[in-house]
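Biologist: Can you put the model up and walk me through it? I have a few questions.

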Amino acid sequence: MSLLSTISKKLPLLRDHYGPITEELIRSPGGFGLGQIPGHRLPDATTTMTCGFCATGCGLNVHLDKNAHAIGLTPATQYPVNSGMACPKGWEALTPLSASNRASQPLWKPTRNAEAQSVEWNTALQTFCDRFKDIQQKHGPESIAFLGTGQICSEELAFLGALTKFGMGIRHGDGNTRQCMATAVTAYKESFGFDAPPYSYQDFEESDVIILIGSNLCIAHPILWQRIVRNPHSPEIVVIDPRKTETADAATQHFAIDPKSDLVLYYGLANILIQNQWIDSDFIRNHCNDFKGFAQHVESFTPEITSQRSGIAVERLHQLAQLIHEGKRVSFWWTMGVNQGYESTRTAQAIINLALITGNIGRPGTGANSITGQCNAMGSRLFSNTTNLLGGHDFTNPEHRDKIAEQLDIPVERIPSQNSWSYDQIIQGIESGKIRGLWIIGTNPAHSWIKQKRLKRLLGKLDFLVVQDMYHDTETARYADLILPAAAWGEKDGTFINSERRISVIKKISQAPGQALADFHIFRLIAEAWGCADLFTDWNSPENVFKILTRLTKDQPCDITGIKDYRMLDETGGIQWPFPKGSGPTNNQRHLFKDGSFYHTDKRARLIFSDPQADPDPSDEKFPFRLITGRGSSAQWHTQTRTRNSPALQKLHPSELLLELHPDDAAQFGIHANSPVRITSRQGSITVITFITTNIQPGQVFLPMHDERTNQLTHPSFDPHSRQPNYKSCAVRIEAI
Ligand SMILES: Nc1nc2c(c(=O)[nH]1)N[C@H]1C(S)=C(S)[C@@H](COP(=O)(O)OP(=O)(O)OC[C@H]3O[C@@H](n4cnc5c(=O)[nH]c(N)nc54)[C@H](O)[C@@H]3O)O[C@H]1N2
Ligand SMILES: Nc1nc2c(c(=O)[nH]1)N[C@H]1C(S)=C(S)[C@@H](COP(=O)(O)OP(=O)(O)OC[C@H]3O[C@@H](n4cnc5c(=O)[nH]c(N)nc54)[C@H](O)[C@@H]3O)O[C@H]1N2
Ligand code: SF4
Ligand SMILES: [Mo]
């Protein structure tokens with residue numbers, strides 16, 4: 001059998017999605033892991049760990065040489081998440097580790113415009129403490145803040161959050177999870193009483209109606225799409241997305257909704273369901289609050305009004321409602337098309353309400369299911385100590401503060417009694433001069449934050465900026481006074497939590513370059529240098545911190561006191577929360593709310609609703625188009641710091657920044673295919689290349705988020721409840737050049 005046919009067999013997914021895989025592609029430097037093909041180079045041992053890109057959390061078998069160093073990887077066949085499959089990023093996960101632009105030593109700039117110079121760790125730590133303490137002394141403890149991530153281990157997130165808030169007296173810290181999952185968090189908390197995505201991936205295989213809302217699963221979570229493909233019930237697959245995405249194309253039904261009209265659509269659907277008595281009255285009576293008010297509220301969303309506002313024909317609204325009614329196991333799934341909007345929390349709750357009123361929750365194949373983005377966004381939701389006190393507790397609740405202080409054996413006064421500012425409020429704090437120093441860990445806001453020009457200006461305004469990253473040349477690192485070199489996934493131990501609440505391990509299978517250190521160890525060193533290490537005497541290894549964290553979850557909905565150690569996670573293929581002490585053998589596919597009991601004190605779910613709001617960046621004659629942004633390909637990860645370092649992945653996406661534009665619009669504005677155009681919003685203007693396609697509706701255009709330029713255009717509006725940015729829709733015009 002030729003090398004190519006062996007690999008093609010192993011890569012059914014790649015073959016399906018990306019056309020022919022050539023020998024040349026495979027043999028290219030960093031191609032699909034030649035070391036992993038049996039017979040090419042035999043490993044001395046193999047170990048399983050979780051992928052470090054997306055929140056699907058696939059298991060990867062990493063093949064090791066006799067020094068326990070990775071020589072290649074293959075998707076784990078026995079792992080409950082991915083059963084032998086991986087997307088291109090997973091296959092290529094080792095390549096970005098050996099890139100030449102890795103940060104391998106601390107770098108310091110004596111002045112903003114000076115060349116960065118390498119310094120020893122001791123000097124870097126001293127500078128870190130001197131400068132931040134100096135700022136705090138002059139401007140108060142609240143004048144420094146941090147921005148973290150959903151891409152480091154839970155143990156590291158917890159350490160960062162505890163070190164900053166309990167040790168360094170920092171009040172304000174948030175993370176990139178705000179850009180991503182804040183809406184789902186807020187919606188779940190208000191509706192269910194806790195941030196609790198209720199599902200298992202198994203539900204994808206057990207539904208007979210699967211409704212994907214603002215989710216391009218084939219591109220963003222390809223292995224979850226494969227789970228749908230394995231569904232034996234010939235499910236109806238509905239995609240609600242303004243664009244005819246890869247996922248919409250593969251679905252059985254596509255509803256090309258007008259951007260940001262979701263709230264009206266789901267109220268309109270609820271109205272049809274209620275009017276026809278297509279609801280589960282017993283479930284509502286026994287388990288939900290506020291149904292009367294909700295029913296009254298949606299009455300005004302008649303099919304005609306709903307159709308006008310959403311662009312979906314009245315007849316199709318009825319068909320969709322009927323499909324939901326007739327489905328035995330209906331599951332609703334949503335991602336960024338919902339979370340990133342100016343009324344996103346109520347939209348997510350409108351989806352939750354549809355599941356609740358039709359009784360599609362707590363049973364196999366059902367649920368109101370938010371799919372998570374980053375590998376450990378779920379860990380950041382529970383343990384980053386930013387929006388919640390560690391373990392899903394509440395900073396403003398004195399009992400919770402007492403419980404955590406006692407468990408950690410620290411004075412309770414060390415725990416802030418108020419919530420932190422959100423990401424956008426921290427940025428606003430820089431503008432107003434309240435925030436003078438910023439520490440950024442594992443995120444790249446100079447590329448990914450909304451209305452980029454302003455953010456870059458404000459990064460330049462800071463008295464002191466520290467960036468802690470695995471690469472020294474990210475868009476954000478360019479503004480840093482001090483760069484701390486971090487070890488990456490594959491170079492450290494710890495745990496992640498995936499989208500279905502599965503806690504699993506990652507392992508050190510590769511040596512970090514030069515003096516780069518695991519974020520965990522950087523936090524330990526900083527605690528020492530700052531002089532607060534005595535608070536963290538037990539925080540001496542990731543596994544010890546994991547044990548501390550499990551204890552903190554006692555009696556919480558996310559109770560994992562039954563997980564003994566890393567070995568237990570390793571042996572079981574990960575464990576989903578909850579897993580309280582005394583839990584039986586891990587049943588590997590569990591969903592929540594089996595007994596209809598929610599986490600509010602009365603155990604009932606709330607049907608939450610409000611009036612749709614006006615678009616904060618409306619289109620007009622000057623800016624007639626709606627710009628949608630999102631994921632461009634399976635081979636690109638966010639700001640591309642990692643994926644751009646894989647030549648194989650580079651070959652799987654266009655090299656130019658392409659603007660998707662409908663042929664009718666192109667004709668009207670005299671714009672040609674494959675040619676440069678200027679796209680201008682109220683925030684900025686950039687030049688891009690056209691890609692004319694009927695996958696986008698007239699009046700709309702699409703840009704992938706992976707190019708730094710895209711966020712020069714986005715409009716800085718936020719959902720008022722979750723404070724998540726409204727990345728998915730702004731007003732633009734297009735001009736031929
Ligand atoms: N390859 C790859 N995979 C990734 C990532 C990556 O960068 N690259 N990132 C990961 C992360 S952190 C995240 S959060 C997820 C994101 O995963 P997704 O949310 O699936 O990805 P997006 O492309 O951002 O947005 C999904 C869809 O929302 C649609 N949309 C836009 N506006 C609206 C609207 O008003 N209503 C509706 N119903 N839909 C709308 C867009 O057209 C788009 O197709 O992907 C994860 N997976
Ligand atoms: N226009 C538009 N903008 C968007 C979106 C959109 O749909 N449209 N989506 C938003 C979403 S959902 C998200 S999640 C954000 C993502 O935005 P970012 O978080 O800015 O994107 P990443 O490229 O993932 O940045 C992660 C950084 O961490 C570094 N890193 C990786 N591993 C480690 C580690 O172990 N330790 C340390 N210290 N550093 C590490 C990487 O090199 C990289 O610089 O973008 C948001 N921005
Ligand atoms: S789907 Fe996500 S977790 Fe799975 S291999 Fe791809 S990037 Fe990794
Ligand atoms: Mo995200």
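This is a predicted model: local features need pLDDT of at least 70, side-chain atom pairs count only at pLDDT 80 or more; totals for chains, interfaces and linings use all residues.

Biologist: OK. Which domains does the chain have?

Modeller: The assignment gives domain 1 (23-98), domain 2 (107-179 + 375-540), domain 3 (182-370) and domain 4 (625-736).

Biologist: Take domain 2 and domain 3. How far apart are their C-alpha centres?

Modeller: The centres of those two domains are 36 Å apart. Twelve residues of domain 2 and 15 residues of domain 3 take part in the contact.

Biologist: How much area do domain 2 and domain 3 bury between them?

Modeller: About 1100 Å², with 42% of it on carbon and sulfur atoms.

Biologist: And which residues of domain 2 lose the most area to domain 3?

Modeller: Arg381, Ser499 and Glu500, which together make up 47% of what the domain 2 side buries.

Biologist: How many salt bridges cross that interface?

Modeller: One is found between domain 2 and domain 3. On Arg381 again: its side chain forms a salt bridge with the side chain of Asp195, at 2.7 Å from N to O.

Biologist: How many residue pairs are in polar contact there?

Modeller: Nine residue pairs between domain 2 and domain 3, counting pairs with both residues at pLDDT 80 or more. The side of domain 2 that touches domain 3 has two nonpolar, six polar and four charged residues.

Biologist: Switching to ligands. Which residues come nearest to ligand 1?

Modeller: Ala220, Asp241, Lys260, Asp262 and Gln636, out of 34 residues around ligand 1.

Biologist: What do the polar atoms of ligand 1 have beside them?

Modeller: The side chain of Asp262 has an N or O atom 2.7 Å from a nitrogen atom of ligand 1. A polar backbone atom of Ser634 is 3.5 Å from a nitrogen atom of ligand 1. An oxygen atom of ligand 1 lies 2.9 Å from a polar side-chain atom of Lys728. On its own, ligand 1 has 910 Å² of accessible area, and the protein covers 100% of that.

Biologist: Now ligand 2. Which residues come nearest to that one?

Modeller: There are 34 residues around ligand 2, and Gln151, Asn176, Ser448, Asp469 and Thr639 come nearest. The side chain of Ser448 puts an N or O atom 2.7 Å from an oxygen atom of ligand 2. For Asp519, a side-chain N or O atom is 2.8 Å from a nitrogen atom of ligand 2. His638 has a polar side-chain atom 2.8 Å from an oxygen atom of ligand 2.

Biologist: How much of ligand 2 does the protein bury?

Modeller: 99% of the 920 Å² that ligand 2 exposes when taken alone.

Biologist: Last one, ligand 3. What surrounds it?

Modeller: The residues around ligand 3 include Cys51, Cys54, Cys58 and Cys87, along with Lys89 and Ile223. By type, the shell around ligand 3 has seven nonpolar residues, three polar and one charged.

Notes:
Residues are numbered from 1 along each chain as its sequence is written. Chains are lettered from A and ligands numbered from 1 in the order in which they are written. Side-chain values use heavy atoms; hydrogens and water are left out. Domain bounds come from an automatic or database domain assignment. Contact means heavy atoms within 4.5 Å. Buried area is the accessible area (1.4 Å probe) that two parts lose on being put together, summed over both. A salt bridge is a side-chain nitrogen of Lys or Arg within 4 Å of a carboxyl oxygen of Asp or Glu. A polar contact is a pair of N or O atoms within 3.5 Å; within protein, one must be able to donate a hydrogen and the other to accept it, and residues adjacent in sequence count only if both atoms are side-chain atoms. Ala, Val, Leu, Ile, Met, Phe, Trp, Tyr, Cys and Pro count as nonpolar, Asp, Glu, Lys and Arg as charged, and the others, Gly among them, as polar. A residue is near a molecule or strand if one of its heavy atoms lies within 4 Å of it. Accessible areas come from the Shrake-Rupley method with a 1.4 Å probe; for residues, only the protein chains shown count as cover.
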